[in-house]
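Have a look at the model below.

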Amino acid sequence: MRITCPICGERDRREFYYKSAAVALERPDPEAGDGVWNDYLHLRENPAGVTRELWYHETGCSAWLVVTRNTVSHEILDAVLASEARA
Amino acid sequence: MRFSGLRILKEGLTGNRGWTPHWRDPAPKSEYDIVIIGGGGHGLSTAYYLAAEHGLTNVAVLEKGYIGGGNVGRNTTIVRANYFLPGNSEFYSHSLKLWEGLEEELNYNVMHSQRGLINLFHSDGQRDAFARRGNAMINQGDDAVLLDREGVRKYLPYLDFDNVRFPVYGGLLHPRGGTARHDAVAWGYARGADSRGVDLIQNCEVTGIDIENGVVKGVQTTRGAIRAKKVAMVVAGRSGQVAAMAGMRIPVESHVLQAFVTEGLKPCIDHVVSFGMGHFYISQSDKGGLVFGGDLDMYASYAQRGNLPLVEHVMEAGMTLMPMIGKAKVLRSWGGIMDMTPDGSPIIDKTHVEGLYLDCGWNYGGFKAVPASGNCFAHLIATDRHHAAAEKFRLDRFRSGVGLMDEEGTGAQHNLH
């Protein structure tokens, strides 16, 4: 797998650290209750197909990316800066 | 059909014409008492123990592919009970005891070989951690022996003892650990369940779960609707999709784990050996192939194949530990889909839907759990009470934070196990 970092260009998968589904960007309110927090921290859609994930360009530019990827074919469809994906 | 030495002799002398298929190939009936979704190792053993221990035989196992075609046929076949934390410890101890009586119970040769498992350590800190783990295993009633460097050399003379970067300090020997023939485990349980009246229905994919007023009523499949009083989900890497049919989101992320096998060699590796300074474990099959694997690829995947960086890592770790395997040619590599939970431990529990049960989250350790998972899950389905050996495998432990079983001590988070 190769991921095209918006800053560095196409790079080997080994430069990146995989975090998890991109739900991490939608942090709930601290007082939202344990149901909401359980949903956020632990429960996952876990799709077989296209999904949005957080990857960290660890040995590159240190940017956090939102990568759109197919979990069946390993095809990378898109990679954008997490800061822009959130905005 | 009963297997025996005499029978094999007789068949051998008469052209092996007397063997018959090990199980039937029935069409699904319109209704069962219990429908088990998933005909892998865990689903088959669940069906077997429902019939054998609880007398429940109006049961169907629905398998979307064929029996033995999933993870039960694509693992590294290791059987062990060397867990540390309460919850896991008693469960895997229970499982190993079932393994030890399995061939007699099933009248089937699963080639269970208790050749001993040695986890190597390479620093003082690791030695302390393994000594503590060994004590936990002994407290649980299982066996563990702490070996020093010379003790390891006696068992594994072929290791690179001159390695200065990762010196071998010793190893934790688990004498009752070993391997089993993975396919035979699936076949043995399938035959045992079928002969007691369970319908094993292959090429039958579940496409929906029928729920009315919070009570399960049955399933929709590619071979028609099937009504059921109870439905059990045992689908490993596909747990997320099947649970979604019941409107559930579960704490599972599916990852790919690769494994490798070499050409057949004369016997050279007599035990199961794991490297403590790189994720690598190896054993030799009875056919002679070196069977080995490493860590997850560490990204969500349903591809049943991995990427090359992890292949390189596993080969490097193997060559670092035992350079003698360098000339062996790798015949095949493959990937299995692992249902990873945040704390790295499994789930055997009821769900919010009455009559719907869940067995999943086996991470990369499902094979050795096949007997106890089925045994405990069957107990839960039949009696609606948790089996004592699996009563800590609760679904709600993530929400409450109580009873998490994080063997690696890295935190209950996806991507850390």
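**Cysteines**

For A:C61, the closest cysteine sulfur belongs to A:C8, and at 3.6 Å it is too far for a bond. A disulfide is counted when a pair of cysteine sulfur atoms lies within 2.5 Å. Such a link is a covalent bond between the sulfur atoms of two cysteines. Seen from A:C8, the closest cysteine sulfur is in A:C61, 3.6 Å away. Across all chains, the search of the whole structure finds zero disulfides.

This is a predicted model, where local features need pLDDT of at least 70 and side-chain atom pairs count only at pLDDT 80 or more, while totals for chains, interfaces and linings use all residues. Residues are numbered from 1 along each chain as its sequence is written, chains are lettered from A and ligands numbered from 1 in the order in which they are written, and side-chain values use heavy atoms, with hydrogens and water left out.

**Accessibility**

Buried means under 20% relative accessible area, exposed means over 50%, and partly exposed is in between (1.4 Å probe, protein chains only). The table lists some residues.

| Residue | Relative accessible area | Class |
|---|---|---|
| A:C8 | 24% | partly exposed |
| A:C61 | 28% | partly exposed |
| B:T77 | 12% | buried |
| B:H94 | 18% | buried |
| B:A236 | 25% | partly exposed |

**A sheet in chain A**

Helices (H or I, at least four residues) and strands (E, at least two) are DSSP runs, numbered from the N terminus. Two strands pair if DSSP finds at least two bridges between them. In chain A, four strands form an open sheet in the order β3-β4-β5-β6, with antiparallel pairing. Its edge strands are β3 (17–21) and β6 (76–81), and each pairs on one side only. In chain A, β3 and β4 (residues 50–56) are joined by four bridges in the antiparallel sense. Which residue of β4(A) is the bridge partner of A:A21? The partner is A:E53.

**Positive phi in chain B**

Most residues other than glycine have a negative phi. B:T77 has a positive phi, near 60°. B:T77 sits in the loop between β2 (59–62) and β3 (78–79) of chain B. The phi of B:A236 is also positive, near 45°. B:A236 is in the loop between β11 (224–233) and α8 (239–245) of chain B.

**A histidine in a helix**

B:H94 lies in helix α3 (residues 88–100) of chain B. Contact means heavy atoms within 4.5 Å. Leaving out residues up to four places away in sequence, B:H94 touches B:A372, B:N375, B:C376, B:H387 and B:A389.
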